Amino acid sequence: MSTVKIGVFGAKRGMEMINMLMGYPDAKLVAICDRHQPLLDECAEKAREHGLKIELFADFEDFFECDMDAVVLANYAVEHAPYAIRFMNSGRHVLSECLPVQTMKEAVELAETVEKTGKIYALAENCCFFKNTFEMYRRYRRGDIGEVTYAEGEYVHPMESLKEMAGFTYGDKNHWRYHIYSTYYCTHSLGPLLYITGLRPVRVIGMEVPPTDFMNQAGYNKGAAGATLIQLENGAVIKNLVGSLRKLPLIWNYQLYGTAGCMETDRWKHHMLNVYTDNEVDGVKGRSYYECKPVFENELTARVKGHGGADFYATHYFIQSILGDEEARKLSVDVYRALDMTIPGILGYRSILGGNIPIDIPDFRIRECREPYRCDIACTDPKVAGASVLPVNSFGDKNIPDSVYKMMEELWKEGEAEKAAQQK
Ligand SMILES: NC(=O)c1ccc[n+]([C@@H]2O[C@H](COP(=O)([O-])OP(=O)(O)OC[C@H]3O[C@@H](n4cnc5c(N)ncnc54)[C@H](O)[C@@H]3O)[C@@H](O)[C@H]2O)c1
């Protein structure tokens with residue numbers, strides 16, 4: 001195979017991948033699926049501009065029948081696993097947006113489907129490819145700060161105006177963003193730390209911040225933030241913070257202490273890195289503060305701007321892995337690393353609900369470790385959990401009235417109308 005025929009499922013976040021794939025020489029974007037017609041119209045316009053023939057589908061089953069080697073799953077965050085499993089069983093490779101699974105049962109099934117089918121599976125955890133997190137990866141792996149002893153990861157999404165927030169959920173009471181819990185969306189904050197160090201998490205303790213009034217006004221019932229303490233296999237401890245605290249702009253921040261130095265990103269200047277090394281490295285001993293370079297640069301990477309350009313690399317390494325590049329495969333987030341990044345959020349919430357108890361994190365590379373979780377469907381999504389449904393926060397449901405969701409829907413429609421008027 002010299003060109004990968006690829007489809008994109010979900011064209012909202014997926015638009016970032018669509019834009020990249022339209023100009024990517026080793027892939028042919030053959031199909032896009034989204035039930036939201038304005039997004040399909042936008043894709044049709046882009047395809048015309050690029051002179052490309054791309055099939056557009058509102059219906060998933062029609063999309064699934066399309067002739068493609070691989071798919072990008074950018075559909076709802078809690079629905080990736082069933083689609084990933086179906087696509088791999090039909091012989092297709094899968095790049096999944098975050099998160100890979102919603103339940104432990106799905107985690108078992110996902111790992112076993114990758115093993116059974118031998119298809120390439122990768123998680124599009126773009127935060128591993130920020131300029132400064134990838135520089136931390138390079139330097140850690142080179143031994144510049146020794147072995148990690150303590151680390152922090154933080155991904156705090158801004159809570160902006162209600163109208164801005166309506167764009168995320170459309171006022172749909174059943175939208176996944178309304179029913180996920182505080183620690184669930186943890187791969188942006190934790191993922192880079194596991195990627196950098198290459199270590200496995202073995203134990204988690206969770207705590208959460210209660211929902212704020214502002215979140216309730218926007219229809220959210222989940223805790224405003226989830227903080228987990230995670231022990232790694234070498235004994236190091238990670239503090240992992242994920243949430244929607246009322247803080248602007250979007251914050252990401254990562255810190256690593258090692259036996260021979262430390263590194264931390266600059267919370268307010270996203271491409272900058274602070275480093276301290278005990279030993280002389282590249283002519284510097286002690287403190288340095290500098291702007292990091294991208295993972296690599298060429299005319300293709302220059303076209304992708306999302307998350308400071310980081311959005312290019314997961315898709316690039318996925319396609320190159322399919323084409324047989326072993327180095328690309330090494331740099332991708334495979335299914336086991338994807339689950340290492342995700343399970344601490346799932347079990348961290350159980351720790352919270354259990355009164356902040358420590359919980360062991362299973363290693364899904366080992367078959368026996370999966371056994372206790374084979375039928376475990378507990379989560380906060382009533383459609384999936386049935387009688388095992390968990391409360392959406394540990395402080396008690398606020399019982400948000402339907403009028404709030406109605407108001408959010410109206411705000412979303414206003415926002416869509418404004419966007420359409422601007423595009424004319
Ligand atoms: N890595 C990042 O930086 C980043 C940023 C934003 C979103 N995301 C992830 O991207 C994914 C999508 O999030 P989003 O922001 O686009 O919001 P979203 O989940 O609201 O949008 C998903 C899109 O998929 C479409 N869709 C879902 N199921 C469908 C179906 N069965 N048939 C047809 N269309 C369907 C919806 O119409 C919608 O346009 C999530 O997994 C999210 O976590 C990642």
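1. Helices here are DSSP runs of H or I with at least four residues, strands are DSSP runs of E with at least two, and both are numbered from the N terminus. This is a predicted model: local features need pLDDT of at least 70, side-chain atom pairs count only at pLDDT 80 or more, and totals for chains, interfaces and linings use all residues. Residues are numbered from 1 along each chain as its sequence is written.

2. Helix 11 is largely enclosed by the rest of the structure, because nine of its 10 residues are buried. A residue is buried if 20 or more other C-beta atoms lie within 10 Å of its own, exposed if 12 or fewer, and partly exposed in between, with C-beta atoms placed from the backbone. Among the buried residues of helix 11 are Tyr-313, His-316, Phe-318 and Ile-322.

3. Ser-321 also lies in helix 11. Ser-321 counts as buried because it has 24 C-beta neighbours inside 10 Å. Leaving aside neighbours within four places in sequence, Ser-321 is in contact with Ile-120, Ala-122, Ala-328, Arg-329 and Ser-332. Two residues are in contact if their C-beta atoms, placed from the backbone, lie within 7 Å. The C-alpha atoms of Ser-321 and Asp-34 are separated by 26 Å, and these two residues are 287 apart along the chain.

4. The domain assignment divides the protein into domain 1 (4-126) and domain 2 (127-300 + 334-388); such bounds come from an automatic or database domain assignment. Taken over C-alpha atoms, the centres of domain 1 and domain 2 are separated by 24 Å. Their contact takes 23 residues from domain 1 and 30 residues from domain 2. On the side of domain 1 that touches domain 2, helix 5 (104-117) and strand 6 (121-123) each supply at least two residues. Helix 5 gives the most to that side, with seven residues. By class, the residues on that side of domain 1 are 17 nonpolar, four polar and two charged. Ala, Val, Leu, Ile, Met, Phe, Trp, Tyr, Cys and Pro count as nonpolar, Asp, Glu, Lys and Arg as charged, and the others, Gly among them, as polar.

5. An open sheet is formed by nine strands in the order 14-13-12-11-7-10-9-8-15, with mixed pairing. Its edge strands are strand 14 (284-291) and strand 15 (359-360), each of which pairs on one side only. Two strands pair if DSSP finds at least two bridges between them. Strand 8 and strand 15 are antiparallel and pair over two bridges, with Arg-203 opposite Asp-360 in strand 15.

6. Within this sheet, strand 9 (residues 225-232) is largely enclosed by the rest of the structure, because six of its eight residues are buried. Strand 9 runs antiparallel to strand 8 (residues 201-209), and eight bridges join the two. Strand 9 also pairs with strand 10 (residues 237-243) in the antiparallel sense, over seven bridges. Leu-229 of strand 9 is the bridge partner of Ile-205 and stands opposite Lys-239 in strand 10. Strand 9 and strand 10 form a hairpin with four residues between them, and Gly-235 in the turn has a positive phi of about 95 degrees.

7. Helix 9 (residues 187-197) lies across strand 7 (148-156), strand 8, strand 9, strand 10 and strand 11, and runs at about 150 degrees to strand 7. Axes are lines fitted to C-alpha atoms, for helices over the stretch in contact, and angles run from 0 to 180 degrees between N-to-C directions.

8. Strand 4 (residues 70-73) and strand 5 pair in the parallel sense over four bridges, and Val-72 has Leu-95 as its bridge partner in strand 5. His-93 and Leu-95 point one way from strand 5 (residues 93-96), Val-94 and Ser-96 point the other way, and all are buried.

9. Some backbone features deserve a check. The peptide bond from Cys-98 to Leu-99 is cis, with omega near 0 degrees; Leu-99 is in the loop between strand 5 and helix 5. Asp-282, in the loop between strand 13 and strand 14, has a positive phi near 50 degrees. Asp-282 is exposed, with 10 other C-beta atoms within 10 Å. His-307 has a positive phi of about 50 degrees although it is not a glycine, and is partly exposed, with 17 other C-beta atoms within 10 Å.
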